[in-house]
Protein chains: 2
Amino acid sequence: MSVQGSHGHSHGKGPQSLRLTKGAKKVLEVLERTDELSSAQDIHSALRNEEDSPPGLTTVYRSLESLVQLGLVQSVDFGDGERRYEMVKPGEHHHHLVCEKCRNSVHLDQCLVQQLEESIQAKYKFEVRGHILEIFGLCEQCQQAMATAGKK
Amino acid sequence: MSVQGSHGHSHGKGPQSLRLTKGAKKVLEVLERTDELSSAQDIHSALRNEEDSPPGLTTVYRSLESLVQLGLVQSVDFGDGERRYEMVKPGEHHHHLVCEKCRNSVHLDQCLVQQLEESIQAKYKFEVRGHILEIFGLCEQCQQAMATAGKK
DNA sequence: TTAGTAGTGAAAACGGTTTTCATTTGCTGC
DNA sequence: GCAGCAAATGAAAACCGTTTTCACTACTAA
Ligand SMILES: [Mn+2]
Ligand SMILES: [Mn+2]
Ligand SMILES: [Zn+2]
Ligand SMILES: [Zn+2]
């Protein structure tokens, strides 16, 4: 659970439908065929380039909301104000190593926080329900590139 | 990280001066006297309530930027679109357990990621430079409150 | 004083996201 | 087929934290 609702300021409103609407299916299709993280707008413009009557941006957002609730998609927060999405194994989640230079990211295979939940629960009596964790730095290639060129 | 002297030239754009300007000092004062995380606007309105000529919101943002660069303040991202700030021991940082109900947060005393850096570096050849980590859930009080009342 | 530089703030711009609301779709039972 | 209804949709507007712009003020050095 890469937690936490959308862009803050909206307490109102209830969830979305938890069905795969027509729009949601199209959104899912886009996510199905990329390993990369995609923003809502990425998805929207991908659809505009291939569908004859693509869903509007609003529908993309709504679809993503349901897909996340269904556990088919996770939303990832790099703290840059743009939320990104990707398919996950149903109900699972993972975190990333994000290269600050080339912006590629490694999908970690296990959650580093889950293993800590127990001890957090024990030590702080805190019931963990979700978390944000993303790690930034330089991938191997970029380290080398910067070593040969002048540091940056 | 470019440092800079009292009167420098380096401009470029982005970063701010790394001096404690008048405005930055006021911002720091506000942060000094609370354990809570404060948003830029929190700080701004605190200053408006006590200063006769308080710094503008723009200056608050700029001050926070320098204070963060100086390592005196950390910015914390809960993924809700509003960045929060708090004083830290110079150069250090920490993470939080954030109660989703009462919104209070526990300041963790050690960083869970730093201890993993070495193994990440070894396994992925990834040079860790930073990370986001915040944990959400229910604090002890809120767990009890919800146990007595109807679940939520 | 006189430059030149750094700091400031009001207002406007920005940009991702959410709301609004009128319209369209997809059903249900006739 | 045809009402009648609820869910889904999308264009446009609103939202809101943050950043940019730009004119102005306060310092500082000579
Ligand atoms: Mn991933
Ligand atoms: Mn803290
Ligand atoms: Zn995790
Ligand atoms: Zn840390």
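# Exercises on a two-chain predicted model

Between chain A and chain B an area of about 3200 Å² is buried, and carbon and sulfur atoms give 62% of it; buried area is the accessible area (1.4 Å probe) that two parts lose on being put together, summed over both. This is a predicted model, in which local features need pLDDT of at least 70 and side-chain atom pairs count only at pLDDT 80 or more, while totals for chains, interfaces and linings use all residues. Residues are numbered from 1 along each chain as its sequence is written, chains are lettered from A and ligands numbered from 1 in the order in which they are written, and side-chain values use heavy atoms, with hydrogens and water left out.

**Exercise 1. Describe the contact between chain A and chain B.**

Step 1: Counting contacts, meaning heavy atoms within 4.5 Å, gives 41 residues from chain A and 37 residues from chain B.

Step 2: Turning to charges, a salt bridge is a side-chain nitrogen of Lys or Arg within 4 Å of a carboxyl oxygen of Asp or Glu, and two are found across the interface of chain A and chain B. One of them joins K123(A) to D109(B), with the closest N and O atoms 3.8 Å apart.

Step 3: Looking at elements, which are DSSP runs (helices H or I of at least four residues, strands E of at least two) numbered from the N terminus, those of chain A that give two or more residues to the side touching chain B are β4 (96-99), α4 (114-124), β6 (127-138) and α5 (140-148). The largest share of that side, twelve residues, comes from β6(A).

**Exercise 2. Find how the two chains are related.**

Step 1: When copies are superposed by least squares on the C-alpha atoms of residues with pLDDT of at least 70 in both, a rotation of 180° with 0.0 Å of shift along its axis brings chain A onto chain B (RMSD 0.1 Å).

Step 2: The two copies are therefore related as by a two-fold rotation axis.

Step 3: In chain A, the C-alpha nearest the axis belongs to L133(A), at 2.2 Å from it.
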